Amino acid sequence: MCVLVGATALTGCIEDSISTSPSDQPRFEADTLSMGTVFTGEGTPTMRFKVFNPGSKVISIDRIALRDNCTDAQWRFNVDGISGKVFTDVEIRPNDSIFIFAEVTLPDMRGTELRSYVDHLDFTTRGVTQSVTLTAEGMDAERLHGVTLDADTHLTADRPYIVYDSLVVAPGATLTLEPGTRLLFHSDASLIVDGTLRSIGTAAQPVEMTGDRLGTVVGRVDYEIMSGQWQGVFFSSTSQANEMEYTSVRNTTWGVNVMETPYTDDVPSLSLFNCQLRNSKDFALLSLHSSVKAVGCELADASAGVVYLQGGRALISNSTIANYYLFTAVGPAVQFSHAFADEEGWDAESGLPMLVAEFHNCIIYGNGQDLSHGDLTGSQIFMRRCLFKSAGSDDDNFLECIWGEDPLYFTVREDYHFDYRLKQGSPAIGAAAPELIPVDLTTDRYGISRNDLTLGAYSFDPTVSE
């Protein structure tokens with residue numbers, strides 16, 4: 001009798017603890033779950049939200065399921081540790097919560113535009129249905145797996161290209177990237193140019209080379225801040241006459257590398273015009289016994305240092321060299337090697353000429369040292385009308401420079417905001433030597449006129465605010 005009474009009492013306690021009132025309803029951490037922009041045919045990162053029971057009794061959700069007549073997106077759910085598509089009798093204890101996890105794969109749309117998907121996950125409790133809206137944007141992409149281009153090839157802006165392994169331009173072949181082309185590199189992928197690259201964007205339609213992760217690392221922190229997502233761009237000793245205009249190369253391990261690549265007096269190994277090279281685990285731009293020309297470029301944020309020049313030639317004009325790299329202490333922003341006859345490792349018998357380099361109307365400012373060598377005496381390196389973080393003075397190698405002045409970038413490193421345009425009152429505004437500005441540099445990377453004689457990569461734009 002005692003056992004029976006005990007069992008009856010226990011059963012009554014459990015039944016009484018589950019609410020039967022339609023007014024006792026779960027509450028949701030958010031009314032919308034956004035999966036962001038994803039590539040069709042690939043699963044998204046897992047997103048989650050909480051469902052709460054604010055009451056004093058157990059809530060039993062009768063049914064959780066995707067609404068009928070939904071889109072053709074392939075959703076996957078996990079409710080309180082159980083995977084499935086339809087969930088019944090899901091209990092939440094008083095003042096407790098459960099997690100809902102969601103993933104989605106979007107179908108190939110056979111199109112060039114983004115398509116928005118909106119679905120609804122319905123929660124029915126005692127005849128009352130509440131919903132969480134599920135959203136995603138799908139983008140078709142063409143996938144390139146270990147492709148070698150043996151003939152001249154044009155890639156267009158119709159779809160992004162996701163590069164796996166390597167995209168190789170063979171000797172004698174030319175790869176042309178038309179305005180708006182996007183190359184998105186998977187982990188450890190690279191662009192190897194043994195032939196010629198012509199990456200010709202515009203201010204309105206820049207060419208982009210970056211990683212293929214479109215989501216967030218955690219919370220609202222975007223993958224855009226993460227270096228090392230792909231290997232980088234490599235120009236080999238058989239490559240020649242490479243051109244990049246209005247092109248952004250971001251989030252690499254090794255940056256853009258020009259390695260013993262042929263050049264002539266008139267044709268550099270690599271010519272960069274209104275480009276952005278930023279966020280590298282090594283250097284943003286490395287040139288070994290080659291010739292590089294960079295005009296109107298943002299060269300920024302790299303762990304080892306931003307620019308490394310070993311021998312060869314370099315002309316860097318009206319460019320911003322900045323380093324606020326997030327994850328490590330940084331090396332000097334601009335580093336020189338094979339530039340001094342008495343430097344360690346100099347080999348006069350190598351037949352390789354020493355570095356000849358000129359920097360015109362540039363800003364060199366950020367964390368760490370400006371230059372690897374504070375004294376350029378005896379070298380063929382000249383800094384003309386440049387702004388430095390360091391305090392210094394002019395001499396035969398530093399000509400009409402601005403010393404120890406803050407250019408007033410909009411960058412706020414602590415907020416993961418990297419914008420190297422200039423604030424009102426910047427000492428770089430109006431400070432450029434007009435005779436050193438290339439005649440073809442009429443606008444900056446954003447399409448703003450360069451008639452204000454501003455140092456660095458960007459004109460002062462009063463419409464830009466913090």
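Predicted model: local features only at pLDDT ≥ 70, side-chain atom pairs only at ≥ 80, totals over all residues.
Figure 1. With a relative accessible area of 0%, valine 306 is buried. Setting aside residues up to four places away in sequence, valine 306 touches Phe283, Ala284, Leu285, Leu299, Ala300, Asp301, Ile321, Ala322, Asn323, Pro332 and Ala333. One of these residues, proline 332, stands 26 residues from valine 306 along the chain, and the C-alpha atoms of the two are separated by 7.6 Å.

**Figure 2. The protein chain as a whole, as context for the close-up views.** The secondary structure of the protein chain comes to one helix and 39 strands. The radius of gyration is 29 Å, well over the 23 Å that the globule rule gives for 466 residues, so the protein chain is more spread out than a compact globule. Taken along the principal axes, the box filled by the C-alpha atoms is roughly 105 × 50 × 45 Å. Of the 466 residues, 49% are buried. Among contacts between residues at least 6 apart in sequence, 60% join residues at least 24 apart. The protein chain exposes about 21,100 Å², and carbon and sulfur atoms supply 50% of this area.

**Figure 3. An open sheet of ten strands with parallel pairing**. The strands follow the order E12-E14-E17-E22-E25-E28-E31-E34-E36-E38. Strand E12 (153–155) and strand E38 (398–399) are the edge strands, and each pairs on one side only. Strand E36, made up of residues 380–384, pairs with E38 in the parallel sense over two bridges. Arginine 384 stands opposite leucine 399, a residue of E38.

**Figure 4. Aspartate 122 and the polar contacts of its side chain**. Aspartate 122 is found in strand E9, which covers residues 115–125. Its relative accessibility is 14%, and aspartate 122 therefore counts as buried, the limit being under 20%. The side chain of aspartate 122 makes a polar contact of 3.0 Å with the side chain of arginine 67. A polar contact of 2.5 Å joins the side chain of aspartate 122 to that of serine 131. Beyond residues up to four places away in sequence, the residues touched by aspartate 122 are Arg63, Ile64, Ala65, Arg67, Thr129, Gln130 and Ser131.

**Figure 5. Cysteine 297 and cysteine 401, two buried cysteines**. A disulfide is a covalent bond between the sulfur atoms of two cysteines. With a cut-off of 2.5 Å between cysteine sulfur atoms, the count of disulfides in the model comes to zero. Cysteine 297 is in no disulfide, and the nearest cysteine sulfur, that of cysteine 275, is 4.8 Å away. Cysteine 297 is buried, with a relative accessible area of 0%. For cysteine 401, the closest cysteine sulfur belongs to cysteine 386; the distance of 5.2 Å is too far for a bond. Cysteine 401 is buried as well, with a relative accessible area of 11%.

Definitions and conventions: Residues numbered from 1 in each chain as written. Heavy atoms only, no water. Pairing = 2+ DSSP bridges. Helix = DSSP H or I, 4+ residues; strand = E, 2+ residues; numbered from the N terminus. Buried < 20%, exposed > 50% of the residue type's maximum accessible area, 1.4 Å probe, protein only. Polar contact = N/O pair within 3.5 Å; in protein donor to acceptor, adjacent residues only side chain to side chain. Contact = heavy atoms within 4.5 Å. Rg over C-alpha atoms; globule rule 2.2 N^0.38 Å. Areas by Shrake-Rupley, 256 points an atom, 1.4 Å probe, with all protein chains shown as cover.
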